[in-house]
Amino acid sequence: SDHIITAANQFKELFLEKSEIIDSSKFSVINNGFDPSDFDKVIKRATNEFIITYTGTMSDHYEPQVFFRNIKKVTEQFPRQKIKVKIIGTISKKLQKDIVKEIGNKVEFTPYIPHKEAIEHMTTSNLLLLITGGNEASIPGKVFEYLAADCPIICIGKGDASSIVEDCKAGKGFDRSEGKEIFLFLKETIHNHISNNTLSSNKNEINNFSRKEQSKTIANLLK
């Protein structure tokens, strides 16, 4: 091939490890992205409730327990603050039981909904939850919609996805062993909500993941 495009940095590194004669300059990383038109008519609604939203699949090997243990702790720290966790999509029965055991009626499970409605839930949230399912080189497509939603993001599992979020100053990633750090981040985010402090993400960096900008990058490669 004259040139190879991969969707993640770690995939590029895997290719380069195959042989010392592979030329790294032949590789470009172009991630998935978001369509700005999906967010054009979405209105962000202010609410006193602190809403955490997760969208997509959550199976047992995602191991999200450390997050929900710390949600339980942080709700005890803010007894007057209403906190709700919305899980939208497909989640294993075991994890449903584990989560309810930790936070009771503060969690709300919703099955599959149309894409437009999922976007509305993202943009009306106060924190978006991203969990990698064990493959830290994998970058879920929803991470780019999370970025476009202009809402703080917490990533459970460090890797390419959390690096993108941190590069955009849109949130932070944590290993599953970093329970204390997860708790402190949650505490700070709720404090910001109560104080009406808004997210200061890097809008220019986020815009690089729009379909329009990505199309420009591919067009330049084809010249």
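In which loop is Lys-169 found?

A: Happy to take you through it. Please keep in mind that this is a predicted model. Lys-169 is found in the loop between α6, residues 160–167, and β8. With a relative accessibility of 54%, Lys-169 counts as exposed, because the cut-off for that label is over 50%. The backbone deserves a glance too: phi of Lys-169 is near 55°, a positive value in a residue other than glycine. Most residues other than glycine have a negative phi.

Asp-150 sits in the loop between α5 and β7. Its relative accessibility is 32%, so Asp-150 counts as partly exposed.

Strand β7 covers residues 153–156 and pairs with β8 in the parallel sense, over 4 bridges.

What about the side chains of β7? Which way do they point, and are they buried or exposed? Ile-153 and Cys-155 point one way from the strand, while Ile-154 and Ile-156 point the other way. All four of these residues are buried.

Now zoom out to the whole sheet. It is an open sheet of 6 strands with parallel pairing, and the order runs β5-β4-β3-β6-β7-β8. The edges are taken by β5 (107–110) and β8 (171–174); each has a single partner strand, so one side of each is left without a neighbour in the sheet. From one strand to the next, the twist averages 20°.

Helices lie across this sheet. Helix α7 lies across β3 (50–55), β4, β6 (127–131), β7 and β8, and runs at about 170° to β7. Helix α3, residues 93–103, lies across β4 (83–88) and β5, with an angle of about 155° to β5.

Helix α7 is also our way into the pockets. The largest pocket holds about 800 Å³ of space. Its lining takes in 28 residues, and those that lie nearest the centre are Asn-126, Pro-152, Asn-197, Thr-198 and Leu-199. Helix α7 (residues 179–194) gives the most to this lining, with 6 residues. If you sort the lining of the largest pocket by class, you get 8 nonpolar, 15 polar and 5 charged residues.

The second largest pocket has a volume of about 190 Å³. Among the residues that line the second largest pocket are Thr-55, Gly-56, Ile-88, Gly-89, Tyr-112, His-115, Lys-142 and Glu-145. Two helices, α4 (115–123) and α5 (142–148), each supply at least two residues of that lining, and α4 gives the most, with 3 residues. By class, the lining of the second largest pocket has 6 nonpolar, 4 polar and 2 charged residues.

One of those lining residues, Gly-56, is worth a stop of its own. Gly-56 belongs to the loop between β3 and α2 (65–77). At 29% relative accessibility, Gly-56 counts as partly exposed. Apart from neighbours within four places in sequence, Gly-56 is in contact with Ile-88, Gly-89, Thr-90 and Lys-142. Of these partners, Ile-88, Gly-89 and Lys-142 are also listed in the lining of the second largest pocket. For a sense of scale, the C-alpha atoms of Gly-56 and Lys-212 are 25 Å apart in space, and the two residues are 156 apart in sequence.

Let me finish with a residue from another loop, Glu-20. Glu-20 has its place in the loop between α1 (9–16) and β2 (27–29). With a relative accessible area of 82%, Glu-20 is exposed. Glu-20 and Gly-159 are 139 residues apart along the chain, and their C-alpha atoms are separated by 24 Å.

Key: Residues are numbered from 1 along each chain as its sequence is written. This is a predicted model: local features need pLDDT of at least 70, side-chain atom pairs count only at pLDDT 80 or more; totals for chains, interfaces and linings use all residues. Side-chain values use heavy atoms; hydrogens and water are left out. On a 1 Å grid over the protein atoms alone, a cavity is a set of points where a 1.4 Å probe fits but cannot get out, and a pocket is an open set with protein on both sides within 12 Å along at least five of seven lines; lining residues have an atom within 4 Å of a point. Grid points are joined across faces, edges and corners, and a volume is the space filled by probe spheres set on the points. Ala, Val, Leu, Ile, Met, Phe, Trp, Tyr, Cys and Pro count as nonpolar, Asp, Glu, Lys and Arg as charged, and the others, Gly among them, as polar. Two strands pair if DSSP finds at least two bridges between them. Axes are lines fitted to C-alpha atoms, for helices over the stretch in contact, and angles run from 0 to 180 degrees between N-to-C directions. Contact means heavy atoms within 4.5 Å. Buried means under 20% relative accessible area, exposed over 50%, partly exposed in between (1.4 Å probe, protein chains only).
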